[in-house]
There are 2 protein chains.
Amino acid sequence: MSYSEFIKCFPKYNFLKPLFDKNLIPYKTWDKGEVICRCNRELDSLYFFTSGRGRAYRGLNNGKEVIYCLYSGKEIAGDVEFLIDTGTTCNIVSSGNLSGFRVKKSIIDEKIYNQLFNLLAKEVAYKFVTNSSSTTIKLGYKLEERVAYYVLYEYVDSVYLMEELAGLLGTTYRHLSRVFKKFNDEELLRLDNKKITILNRRELERLSSVIKEEFYD
Amino acid sequence: MSYSEFIKCFPKYNFLKPLFDKNLIPYKTWDKGEVICRCNRELDSLYFFTSGRGRAYRGLNNGKEVIYCLYSGKEIAGDVEFLIDTGTTCNIVSSGNLSGFRVKKSIIDEKIYNQLFNLLAKEVAYKFVTNSSSTTIKLGYKLEERVAYYVLYEYVDSVYLMEELAGLLGTTYRHLSRVFKKFNDEELLRLDNKKITILNRRELERLSSVIKEEFYD
């Protein structure tokens with residue numbers, strides 16, 4: 001994988017080209033279960049993921065896992081830790097063929113640092129807004145409304161495990177299964193071998209409209 | 001209120017002194033209930049709150065309110081909107097004598113802009129980390145554990161309304177009241193005229209240790 005692949009995903013970061021020219025930015029694929037970083041450690045790199053699947057999560061000492069983010073396309077990790085001197089706030093683990101470029105902080109000179117800082121500041125601000133909305137949805141709406149919204153507007157393919165989806169929606173596997181069973185019994189959708197088929201779009205729209213109108217219209 | 005008051009609260013922002021010298025940064029107190037900004041609007045200013053109480057929240061179309069932040073000391077608002085071109089993501093309302101300085105974006109020249117951008121980027125990154133932890137606590141731990149943690153380590157005085165506290169802890173007034181009643185009946189604490197007195201510190205420590213060990217030790 002090369003600079004041309006990188007720039008297709010992250011066009012604003014073209015000022016990193018000199019580092020690619022010197023072969024300083026390696027490309028890597030992490031197999032399912034491989035750890036990219038662990039919580040509460042120092043992070044010496046930025047990661048520019050381009051494909052595959054991964055998850056950023058925190059495992060708690062009561063056994064629960066809270067999912068911060070599911071990666072399934074281009075995504076930057078390590079941006080917060082780049083801006084401020086803090087340990088990593090989550091684990092990042094590949095869920096299957098997570099692939100991307102690793103930029104070690106030690107190879108960045110001052111000019112590139114300043115340009116990176118400006119762009120990453122905006123990335124973090126956007127993530128802040130997105131996180132606020134997603135937390136608000138988790139805390140403010142019923143699980144059935146959240147599931148209906150996800151199925152209609154965010155579901156693309158059977159990429160997530162049910163456990164991951166539960167984390168993303170701010171619930172547990174058990175509660176999520178119950179909602180899918182209910183939706184299945186009411187013939188709103190069919191869940192078959194991890195693949196979701198929508199059967200009654202109108203009713204799902206009605207259920208999720210309270211979220212859609214508030215956040216996405 | 002003057003520059004000397006401002007700089008006591010925000011020492012890193014001393015490069016704003018020329019604007020104070022020209023009387024371009026007004027100081028204001030907002031009475032209880034007064035609105036500083038509303039959700040989904042353009043924001044033409046940064047706010048540097050120095051004292052009083054306020055809350056940043058989002059009112060949802062299902063009637064619920066999700067509290068993002070309770071202000072009770074120095075705090076900056078408008079930082080995310082300064083970094084990226086986005087509408088406000090919440091309402092900010094005074095809960096009583098919220099006071100601070102307002103810096104209009106239009107009076108900021110390029111040199112000050114760059115310095116502000118750098119500092120605000122770090123503020124937002126810190127808020128991102130804090131928000132992630134606080135969301136994780138809300139989603140990952142039982143309400144009793146959260147209340148015990150709050151009472152022991154974050155409660156200072158009877159500054160918040162019970163409704164505000166419920167929002168801060170990610171629950172409803174009804175659920176929170178039930179926990180306080182239970183703690184009261186079990187003689188863990190006494191809630192009298194909005195003032196909390198701790199009666200059984202050891203048991204509250206036991207309840208909240210799961211949060212403290214994970215996030216604050």
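**Chains and domains in contact**

Analyst: A salt bridge here is a side-chain nitrogen of Lys or Arg within 4 Å of a carboxyl oxygen of Asp or Glu. This is a predicted model, where local features need pLDDT of at least 70 and side-chain atom pairs count only at pLDDT 80 or more, while totals for chains, interfaces and linings use all residues. Residues are numbered from 1 along each chain as its sequence is written, chains are lettered from A and ligands numbered from 1 in the order in which they are written, and side-chain values use heavy atoms, with hydrogens and water left out.

User: Which residue of chain B forms a salt bridge with A:Glu214, and which strand holds that residue?

Analyst: A:Glu214 sits in helix H8 (residues 201-215) of chain A, and the pair crosses between chains. The closest N and O atoms are 3.5 Å apart. Helices (H or I, at least four residues) and strands (E, at least two) are DSSP runs, numbered from the N terminus. The partner is B:Arg58, in strand S3 of chain B.

User: How many salt bridges does the rule find across the interface of chain B and chain A?

Analyst: Over all chains, the count comes to 24 salt bridges. Across the interface of chain B and chain A, the rule finds two.

User: Which element supplies the largest share of the side of chain B that touches chain A?

Analyst: Contact means heavy atoms within 4.5 Å, and on that basis 35 residues from chain B meet 35 residues from chain A. On chain B, strand S3 (45-59), strand S4 (65-71), helix H3 (79-83), helix H4 (110-140) and helix H8 (201-215) each supply at least two residues of the side that touches chain A. The largest share, 17 residues, comes from H4(B).

User: How much area do chain B and chain A bury between them?

Analyst: Buried area is the accessible area (1.4 Å probe) that two parts lose on being put together, summed over both. For these two chains, 64% of it lies on carbon and sulfur atoms. The total for chain B and chain A is about 3500 Å².

User: Within chain A, which three residues supply 73% of the area that domain 1 buries against domain 2?

Analyst: By an automatic or database domain assignment, chain A is divided into domain 1 (3-129) and domain 2 (140-215). Domain 1 and domain 2 of chain A bury about 650 Å² between them. More than any other three residues, the suppliers on domain 1 of chain A are A:Arg53, A:Ile67 and A:Leu70.

User: Which residue forms a salt bridge with A:Glu164?

Analyst: Between domain 1 and domain 2 of chain A the count is two salt bridges. For A:Glu164, the closest N and O atoms are 3.4 Å apart, and the partner is A:Arg55.
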